[in-house]
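Reader: Could you walk me through some of the packing in this one? I'd like the cut-offs spelled out as we go.

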Amino acid sequence: MEEFQGPEPRGQMMSENPRSLELNQRKWWISVIFCGFLIFAGDSLVMLLLNFFYVQDNRSESDQDRQYKGTWTQALIQNAAFPILIPFFFIFSSPKPNPETVSNQTNNGWFRVLSLYVSLGVLVSVYSKLYALGKLYVGWGILLSTQLILTSLFSAFINRLKFNRWIIISIIFTLAADFFGGPAFAGTPDEDETDAYDIKAWLILIFPTLAFSLSLCLMQLGFEKVLVKTKRYCNKKVFRMVLEMQICVSFIATLVCTVGLFASGEFKELKGDSERFKKGKTYYILSLVGLALSWQVWAVGLLGLVLLVSGLFADVVHMCASPVVALLVVLAFDFMDDDFGWQRRGALLGAVLALASYFYSLHKTKKKEIAELNKRENNNSED
C-alpha cells in the first residue's frame, strides 16, 4: 500500500516491461478494493452513529426552532479528527527523488500547494455545514442523487473524463440504487412539521451538492497537476499524498467550522445537548468521537479512489454503499415503516451492477495498457 501505482505518465509506462506492469496493476487493484472497503465501512458507521445521535436527541420530534440547530457542531465533527492520521503520515515515506524529475519541478510549488489546500479546506467546510443542514431539510437520498449528477458534469469539464457506455450504465444504476435504497435517517422531521421543499430547502439542497462535487474534481486536479509534480513525490502516486491532503484540508476546514461554531453562538448549546441526550453525557461524547473517527475513515477511502481512479468513481462507490447502509439501519433500529423490502433489494442489486459496470470499464482500460505494451515489445524485438 505504500505506492498506489495509479495511472502513470505515458513515457514512464513505455519504460516498463509487461511483467512489471502486471505486478503494478495487481497492486493498483488491491489499493482500489481497500479504499472502497474504507468508504463502505465509513459510510455505514457514520449513518449508524448519526441515527443513534438523533434518536437519543429526539430530533425528529423537536419543534422547528431546535430541529435545524447543531449543524456547525456536526460540520466540525466531520473534520476535527484529522490528527489521528498524522502518525500514519510519517509511517508512509515519500518516494526516492529522481534527479531527472526533480530538475523539472518549479520553485513556486509550495505556493500552489498552499493555495490548493486553503481553497479546498474552505470548500469542505462549506459543504460540511450545508450537508449537516441539508439532510435535516430534505433528507439524505435526494442530496446524494443530485450530487452524482453534478460530479459527472464537473468531471467532464474540469477533469476531461472520457465517458464510455459502461460508465454511463454505472451512473444510471447508481442513481436508481440510491433513489430506491437510501437509508432511513432519524434527523429528518415529519412531513407536517416542515416545509421541506420551499425555496430555502432547494437552495440548501443545491449548494452542498455543488460544493461536494466541485471539491472531488478539484482534489483530482490537485493530485494530478500539483502534488504529483512536487519534488517530494516526483511524479509518483503514493498513499502519503492522500494522508497529506486529508490532514491539511481538514485542518483548514476545522478552523473555519470552529469560527462558525463560536460566531453563531452554537457553542452555548453544547451543554444543553449533552444533558438532553437520553443515554447521558458519556454516550453523547462517545457518539461524537465515534462520528469524528468514522468520517476520517470515509474521507481517506474517498480521497484514495480520487487519486487512484477519479472523483466520479469515488462518488459512485460512495453512493453504491447506500443500500448496504440501509440494510444495517433496518437491522440496528426499529424505525416505523422502515424495512428492507423489494425496492431496497432491487436497489442492492442495482448497486452491484453499477459497481460491476464501472469495474469492467477499468478492467478494459488496464487490459488495453498491457496489450499496447506487449505490442511495443514485439515491435522492438523484430527491429
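Reader: How many aromatic pairs does a search of the whole structure find?

Author: Quick caveats: this is a predicted model, where local features need pLDDT of at least 70, side-chain atom pairs count only at pLDDT 80 or more, and totals for chains, interfaces and linings use all residues. Residues are numbered from 1 along each chain as its sequence is written, and side-chain values use heavy atoms, with hydrogens and water left out. Rings of Phe, Tyr and Trp (its six-membered ring) pair if their centres lie within 6.5 Å; planes under 30 degrees apart are stacked, over 60 edge-to-face and the rest tilted. On that basis, the search of the whole structure turns up 21.

Reader: Is the pair of Phe212 and Trp298 stacked or edge-to-face?

Author: The ring centres of Phe212 and Trp298 sit 6.2 Å apart. Their planes are at 25°, so the pair is stacked.

Reader: And which helices hold Phe313 and Phe359?

Author: These two rings pair up 5.6 Å centre to centre, with 80° between the planes, which is edge-to-face. The pair ties together parts 46 residues apart in sequence, because Phe313 lies in helix H14 and Phe359 in helix H16 (helices are DSSP runs of H or I, at least four residues, numbered from the N terminus).

Reader: Is Phe359 buried, partly exposed or exposed?

Author: Buried means under 20% relative accessible area, exposed over 50%, partly exposed in between (1.4 Å probe, protein chains only). Phe313 has 1% and counts as buried. Phe359 has 27%, so Phe359 is partly exposed.

Terms used. Helix = DSSP H or I, 4+ residues; strand = E, 2+ residues; numbered from the N terminus.
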